Structure formats: C-alpha cells, structure tokens
Amino acid sequence: VRRFWVDKVMRKHESVDGKAAWQRFSESDFAGHIPKVDTWPVVVWDGDLVRKTLGKMRASASPGSRGIPIAVWMAMPEEWHGWIGRLLGLVEEEGRWPEGTLDAYVAMIPKASGGSRPQDQRPITVLDVLYRLWAKAQVEAWSPTLQREVLGEAAMGFRWESGTRNVAQLVSDVAAWREKHG
C-alpha cells in the first residue's frame, strides 16, 4: 500500500526540480496572471470565535486522532473555549504547534469499485480536531478575499455553483450558442 500511494501518487513529481520549473514559469507570459493580494485577513482568536467555528462543524464529524467528539468540544464551558482561543493565538504567534497536535493517522477505505489492491482503495487522513478548528476558521476568514479579490468571475471547478458539472454545462451551452449563431 505504501509503495503505491506514497511512491506512485504522493511523490510522483519528486524528481522534478521545483525551483527550475518555477523560474521557467515566472519568466513565461502566464506569470502575470497569478493574482496578488496585499493583505490577508487576520484571525483574532478568542472563545467566541472558537464556539462559533465549532458550531459550524458537524457534531457527527470524525472525533479526530484523540477520539474526542465535536459535540463534546461544543459542550465544554466558555472558559475552556477561551483557553483554546488563547492556545490557537499562541500557535500563530510562535509559529509552532504543541507536540502531538499535528499527528494524524491514515485509514485505507475501499473505492466504490471494491477490491483489496492498493489501487482499489483510497487513503483518508484523520487529523486532530484542534487543527481542523484552526483551519476552518482560517478558510472562513480568507474566503471573502479569495472569492472577491484573488479569483475572478471565470474561476471554476471548486466554487459554489461553479463545480465540474457547472463547467460542463457552461461549455455545452457556449458550444450550442456558437453553433446556432455561426
């Protein structure tokens, strides 16, 4: 399983010289199309943000690598949420996570096609709830800037009502319109 997923999938481009490839890209005509944002929103951690973010997480979601259900995180007292907020503020300030919080485990889950070969399974990574809480709040804070300033109207594939089905329909509609109007 490791040989297939790690060597063939995750490290597939390991031999590519990333710095040289980036240099070539930076010198190309396409480099100017990379959007730039001067400032990203800053998340200020406190108990209210922790509670609000936990409230947006599904109570039935994975309890993480520590096995503490999200419903338990939500039921903890206000003071506890404040301590978590201070902890996440320190993580950002110091740039490092407490030992053990970045540990994760990977479970192999069969694909719909079934089978026991590594190619017939997909890895699911289980992360600590503390990290998922931090990531969710960051993504929610960055989303308005990302959606309005960085990504233009034409960015498709991973936005609300702009997924792959929407892209396929759009291409189909444009092709039909072009055919109809010559």
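Biologist: Buried means under 20% relative accessible area, and exposed means over 50%. With that settled, is alanine 61 buried or exposed?

Modeller: Alanine 61 has a relative accessibility of 14%, which is under the 20% cut-off, so it counts as buried. Keep in mind that this is a predicted model.

Biologist: Where does alanine 61 lie?

Modeller: In the loop between helix 3 and helix 4.

Biologist: What does alanine 61 touch, not counting residues up to four places away in sequence?

Modeller: With those neighbours left out, alanine 61 touches Ile70 and Arg132.

Biologist: How far is alanine 61 from arginine 3?

Modeller: They are 58 residues apart in sequence, and their C-alpha atoms are 30 Å apart in space.

Biologist: Let's move to helix 3. Which residues of helix 3 are buried?

Modeller: Gly47, Leu49, Val50, Thr53 and Leu54. Around the axis they cover an arc of only 165°, so they sit on the same side of helix 3.

Biologist: What is exposed on the other side of helix 3?

Modeller: Asp48 and Gly55 are exposed there.

Biologist: Take helix 5. At what angle do helix 3 and helix 5 pack?

Modeller: About 100°, with the axes 7 Å apart; helix 3 spans residues 47-55 and helix 5 spans residues 78-94. Angles of 65 to 115 degrees count as roughly perpendicular, so that is what helix 3 is to helix 5.

Biologist: Which residues make the contact?

Modeller: Helix 3 brings Gly47, Val50, Arg51 and Leu54, and helix 5 brings Glu78, His81, Gly82, Ile84 and Gly85. Sorted by class, the contact of helix 3 with helix 5 has three nonpolar, four polar and two charged residues.

Biologist: Now helix 6. At what angle do the axes of helix 3 and helix 6 cross?

Modeller: They cross at roughly 95° and come within 10 Å. That angle makes helix 3 roughly perpendicular to helix 6.

Biologist: Which residues meet there, in helix 3 and in helix 6?

Modeller: From helix 3, Leu49, Val50, Thr53 and Leu54; from helix 6, Leu133, Lys136 and Ala137. This contact has five nonpolar residues, one polar and one charged.

Biologist: Staying with Thr53, is threonine 53 buried or exposed?

Modeller: Threonine 53 is buried, at a relative accessible area of 1%. Leaving aside neighbours within four places in sequence, threonine 53 is in contact with Leu133, Lys136 and Ala137.

Biologist: How far apart are threonine 53 and methionine 74?

Modeller: In sequence, 21 residues; in space, 9.6 Å from C-alpha to C-alpha.

Biologist: How do the axes of helix 5 and helix 6 cross?

Modeller: At roughly 75°, coming within 11 Å. Helix 5 and helix 6 are therefore roughly perpendicular to each other. The contact is made by Ile84, Leu87, Leu88 and Glu92 on helix 5, and by Leu130, Leu133, Trp134 and Gln138 on helix 6. By class, the contact of helix 5 with helix 6 divides into six nonpolar, one polar and one charged.

Biologist: Trp134 brings me to rings. How many aromatic pairs does the structure hold?

Modeller: Five. In one of them, tyrosine 131 with tryptophan 134, the ring centres are 5.6 Å apart and the planes are at 40°, so the pair is tilted.

Biologist: Which residues do the ring pairs link into a cluster?

Modeller: Trp97, Tyr131 and Trp134.

Biologist: Last one. Where does asparagine 166 lie?

Modeller: In helix 7, residues 164-180. Asparagine 166 is partly exposed, at 32% relative accessible area. From alanine 20, asparagine 166 is 146 residues away in sequence and 35 Å away in space, C-alpha to C-alpha.

Definitions and conventions:
Residues are numbered from 1 along each chain as its sequence is written. This is a predicted model: local features need pLDDT of at least 70, side-chain atom pairs count only at pLDDT 80 or more; totals for chains, interfaces and linings use all residues. Side-chain values use heavy atoms; hydrogens and water are left out. Axes are lines fitted to C-alpha atoms, for helices over the stretch in contact, and angles run from 0 to 180 degrees between N-to-C directions. Helices (H or I, at least four residues) and strands (E, at least two) are DSSP runs, numbered from the N terminus. Angles under 35 degrees count as roughly parallel, over 145 as roughly antiparallel, 65 to 115 as roughly perpendicular and the rest as oblique. Contact means heavy atoms within 4.5 Å. Ala, Val, Leu, Ile, Met, Phe, Trp, Tyr, Cys and Pro count as nonpolar, Asp, Glu, Lys and Arg as charged, and the others, Gly among them, as polar. Rings of Phe, Tyr and Trp (its six-membered ring) pair if their centres lie within 6.5 Å; planes under 30 degrees apart count as stacked, over 60 as edge-to-face and the rest as tilted. Buried means under 20% relative accessible area, exposed over 50%, partly exposed in between (1.4 Å probe, protein chains only). The arc is that of the directions from the helix axis to the C-beta atoms.
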